[in-house]
Amino acid sequence: MLTDIEIAQSTPMKPISEIARTAGIDEELLEPYGKYKAKLDARAIRSRDVKEGKLVLVTAITPTPAGEGKTTTTIGLADGLRKIGKKSIVALREPSLGPVFGVKGGAAGGGYAQVVPMEDINLHFTGDFHAIGAANNLLAAMLDNHIHQGNALNIDPRRIVWKRCVDMNDRQLRFVVDGLGGRVNGVPREDGYDITVASEIMAVLCLSDSLTDLKARLSRMVVAYTYDERPVTAGELKAAGAMTALLKDALKPNLVQTLEGTPAIVHGGPFANIAHGCNSIMATRTALKLGDYIITEAGFGADLGAEKFLDIKCRVNGLKPDSVVVVATVRALKMHGGLPKSELKNENLDALKKGLPNLLQHVENMTQVYRLPCVVAINRFPDDTEAELKLIENECRALGVNVALSEVWAKGGEGGKALAEEVVRLCEAPNDFTFSYPLDASIEEKIDQIVKKVYHGDGAALTPQAKKQAQQLEKLGFGGLPVCMAKTQYSFSDDPMLLGAPKGFTVTVRNLRVSAGAGFIVALTGEIMTMPGLPKAPAAEKIDVDAEGKITGLF
């Protein structure tokens, strides 16, 4: 059996100019980065006076080590829509180097449902993440230089909230002390690094709809507080212009292709358990002007990525999804039912029944909380039995939701035709999209409503420190912002060990901070870290390159 990278390398790619023509993009609106990838003039495309396409969100059940295949399904669905004669575009996030070299691997799909060039997309691509890291660290340098040069803004070095970043899983950098070595080397202070995808600049870039908006958002970012508790912004440090210059090209969406030649816009990538976990508004809005069906995804399970896509991204830019796909696997549901990974190949209806509430709760959230048409896509594995598939279908139909088998990993677009037909049908169904909370509620009330409505917990409990922070943020005028929950991806609760659909839990919020540029309040729960570490055997150990420059071991 071929690996993902072997499949990708053995499939001929079309020149990016040909993919652009397929999408209806004039060649003068392309900025090629080699033969098979390009930047787009999004402003020119978005100015077209054409009807926007249907927007389809792909999300998933709560992740497990068994795997769900959300990105693979997203890509295969776009290919499947082309197979049934629909003009589709897929819009995805860019992978982070941290997970690529860590435990998760790449994020360009799998099997015969991939975006290519797979190696480029998973590694440096068009340099967007490097530009974000450079802008982030320029701001950090200007902040520390301001303090060193006299501190005219009266910044308290103990209240600096801006960290440096690097796009790598490096636990050694979580906490550092810098500015050592004497007066000429800066002011000694505690510091730390985030992974680049956790930088607020990543979230800002993905929520900006123009260069002007990007610069304004960068200016609003809070980097520190003064001795008298006043927030200090990047604009006050006069850093926004230079950061925008570094990000000018990074703001442009990237055009690539699927293995079957479907146009794919891959752009941006904030973490979904730290930030809002969606591709850029620039990419989504551009795609909506190019296709009849735009297939996009949100990170991790529907309680994280989909909630933030709907409550933050859609609210910020006036987007309205036409349908939602919830991806699940029999294997993952059996894990939610308590079955160990070593036994997943065996039919076990009892474990499946115990795990099904996880899927049903995600589906109910989409249809009842957000009031969106929804279909369940079962990413089929060879070991799935007919009895197991039938059980899932019956349980979903009891909620009024259809199930479609997705066999795109093995069959590409041909294996996504059944799902594509159901998505087309749903996009014409009644749609009463609403949010899970109103913006005029207090910060604490918004968090509490997310916990009760989306997680199905008893409510939120803010620590005394978080309560004080909520009061301060509301006093500073940030109370009307949406909330971005930083929570484990492995459970509806803040405890990663509580699988399935737990009840009777409370989510503890230990810290609140404002991402004023992105335009949301971040609520930190559990043991969420903004700088991951590498596992005992990182994926990087298996990656190599031969004398001809051919990369192996990337998955």
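On a 1 Å grid over the protein atoms alone, a pocket is an open set of points with protein on both sides within 12 Å along at least five of seven lines, and its lining residues have an atom within 4 Å of a point. The structure is a predicted model, in which local features need pLDDT of at least 70 and side-chain atom pairs count only at pLDDT 80 or more, whereas totals for linings use all residues. Residues are numbered from 1 along each chain as its sequence is written.

The second largest pocket is lined by 45 residues, and Ile160, Val161, Lys163, Asn511 and Arg513 lie nearest its centre. Among the elements that give two or more residues to this lining are strand E7 (155-160), helix H8 (200-207), helix H19 (464-475) and strand E22 (506-515), helices (H or I, at least four residues) and strands (E, at least two) being DSSP runs numbered from the N terminus.

Helix H15 (residues 386-397) has 12 residues, and its buried residues (under 20% relative accessible area, 1.4 Å probe, protein chains only) are Glu388, Leu389, Leu391, Ile392, Glu393 and Cys396. The cover over these buried residues of H15 includes helix H13 (330-336), helix H14 (349-369), strand E18 (374-379) and strand E19 (402-406).

With a disulfide taken as a pair of cysteine sulfur atoms within 2.5 Å, the count comes to 0 disulfides. Cysteine 314 is in no disulfide, the nearest cysteine sulfur, that of cysteine 278, being 7.8 Å away; cysteine 314 is buried, with a relative accessible area of 2%. The sulfur of cysteine 396 lies 8.3 Å from the closest cysteine sulfur, in cysteine 374, which is too far for a bond, and cysteine 396 counts as buried at 0% relative accessibility.

Technical notes:
Heavy atoms only, no water. Expected span 1.5 Å × (residues − 1). Buried < 20%, exposed > 50% of the residue type's maximum accessible area, 1.4 Å probe, protein only. Contact = heavy atoms within 4.5 Å. 1 Å grid on protein atoms, 1.4 Å probe; cavity = no way out; pocket = protein on both sides within 12 Å on 5 of 7 lines; lining within 4 Å.
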